Amino acid sequence: MSARENQDAREVTAKIAEGYDLVPYNPNGTGSPGLDPSHLFGVAALYGEFPGRGDIDVLDLGCGGGGQILRAAAQTTGRLVGLDISGAACAEAAGRCAALGSRCKILHADLLDLDVASIGTFDLIYLVGVYYVVPAAVQKLLVDAIAACLSPGGVLMISYYSSPIWRSIDALRLSIHGAIDLTAPPAERIRAARRHVESIVENGKSDISAQITTHALTCDEPTFFHEMLGPVLAPVSTVALEETLGAAGIHFLNWIFPGPFAQVATPLARAQGADRMAGGGYHYAVFAKNAGVGGADASWNNVQWQTRLRRAGASQFGLAVCADPASGQGLEVANSATGRVLDMLAAGPRPWPWVYEEMAKQPSGTAYATAVKRDFLTLWQQGVVTPLWAV
Ligand SMILES: C[S@@+](CC[C@H](N)C(=O)[O-])C[C@H]1O[C@@H](n2cnc3c(N)ncnc32)[C@H](O)[C@@H]1O
């Protein structure tokens, strides 16, 4: 990056830091169970990627108040590092994570100054709510940093707005920037910006769709402030991420809750499917280093699989029917090998190699195992087979 580009980027990141100091994002946030290591490595396991340890090291870039680090800490005995440009966010995160002791470090720094050589490597990197609010120079640096810091088999969790909806949100943001005083105190800025969005809704003549103005008017105040009044809202698509990160061997696996493109074989085709399916919206994507390269079945490793389904009889066509006793909902299981595995999992969680071994004992063994693996993707999508993490 040239000195000029660096200086321009720093002016923007300083504004971003000021914004997050003035209006903390999600203070006391508790993180999300959907972003827990158990869940993310469960997705990775479906594609044959998994470090297979309970002491994974975790890096949270733009960690905010540290909620996600606190959640991840409960699932690993490894190292935890959070980094954020906002002094207020770092103070909150450091206070909340103090009980984790020396295995957790909160770094107050601009991503522009991230020293990849000294920070080390990590099995899981979070980039939640960050990539699309930073300037292009920081995005580029982030890709390089992730390429350097993600261990083989490691997982990257990145959140973003899919491109079509971004275009409209950015149009609204720019229209607000042209209409209000961006130097007024935050509360006044927020009031004026909301009035501006309301006036767009009232006169109804704008290209900015109702979906976007409703999103702006109903989201919480900090989100409104940082998205609508911040200096950057950058476009991201899954395909663009796959192309940039893919060059470093980091490939798209799926969303955190596998999408309908789950069984597509190549990362690029899945990314294309994800962008087509997105239809506008906010997404959490799971990427992994070397995904699809070392995908032997045996590398499904130690993720235990569990199910709430119990055998509940047979359909009129003689197919096994399994039902969830909690909801009473049932489904037909066409593949008898999958039915057998579900019966076995009903007795308690088991790792994939065990499932694989059991299948291998059957006639056509490994062919059955492949079919069961494919069925797991569908059953996972439906939420009736889920991964379980043992530290
Ligand atoms: C929307 S918040 C998300 C916080 C947290 N990841 C979460 O999900 O609650 C974005 C965070 O990115 C941080 N951030 C933005 N630009 C940054 C930069 N250049 N260097 C470090 N942190 C940055 C902000 O300070 C803010 O805490």
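This is a predicted model: local features need pLDDT of at least 70, side-chain atom pairs count only at pLDDT 80 or more; totals for chains, interfaces and linings use all residues.
**View 1. Helix 8 packed against helix 9.**
Helix 8 spans residues 186-203 and helix 9 spans residues 210-218. Their axes lie 10 Å apart, at an angle of about 150°. Angles over 145 degrees count as roughly antiparallel, so helix 8 is roughly antiparallel to helix 9. The crossing of helix 8 past helix 9 is left-handed. Helix 8 contributes Arg 194, Val 197, Glu 198, Ile 200 and Val 201 to the contact. Helix 9 contributes Thr 213, Ala 216 and Leu 217. Five residues of this contact are nonpolar, one is polar and two are charged.

**View 2. Helix 8 packed against helix 10.**
Helix 10 covers residues 221-228. The axes of helix 8 and helix 10 are 11 Å apart and meet at an angle of about 80°. That angle makes helix 8 roughly perpendicular to helix 10. On helix 8, the contact is made by Pro 186, Ile 190 and Ala 193. On helix 10, Glu 221, Phe 224, Phe 225 and Met 228 take part. The contact of helix 8 with helix 10 has six nonpolar residues, no polar residue and one charged residue.

**View 3. The shell around the ligand.**
There are 23 residues around the ligand. Gly 62, Gly 64, Ile 85, Leu 111 and Gly 129 come nearest. Helix 1, residues 3-22, gives the most to this shell, with three residues. By type, the shell holds 12 nonpolar, nine polar and two charged residues.

Methods: Residues are numbered from 1 along each chain as its sequence is written. Axes are lines fitted to C-alpha atoms, for helices over the stretch in contact, and angles run from 0 to 180 degrees between N-to-C directions. Helices (H or I, at least four residues) and strands (E, at least two) are DSSP runs, numbered from the N terminus. Angles under 35 degrees count as roughly parallel, over 145 as roughly antiparallel, 65 to 115 as roughly perpendicular and the rest as oblique. A crossing is left-handed if the near helix is turned anticlockwise from the far one by less than a right angle, and right-handed if clockwise. Two residues are in contact if their C-beta atoms, placed from the backbone, lie within 7 Å. Ala, Val, Leu, Ile, Met, Phe, Trp, Tyr, Cys and Pro count as nonpolar, Asp, Glu, Lys and Arg as charged, and the others, Gly among them, as polar. A residue is near a molecule or strand if its C-beta atom, placed from the backbone, lies within 6 Å of it.
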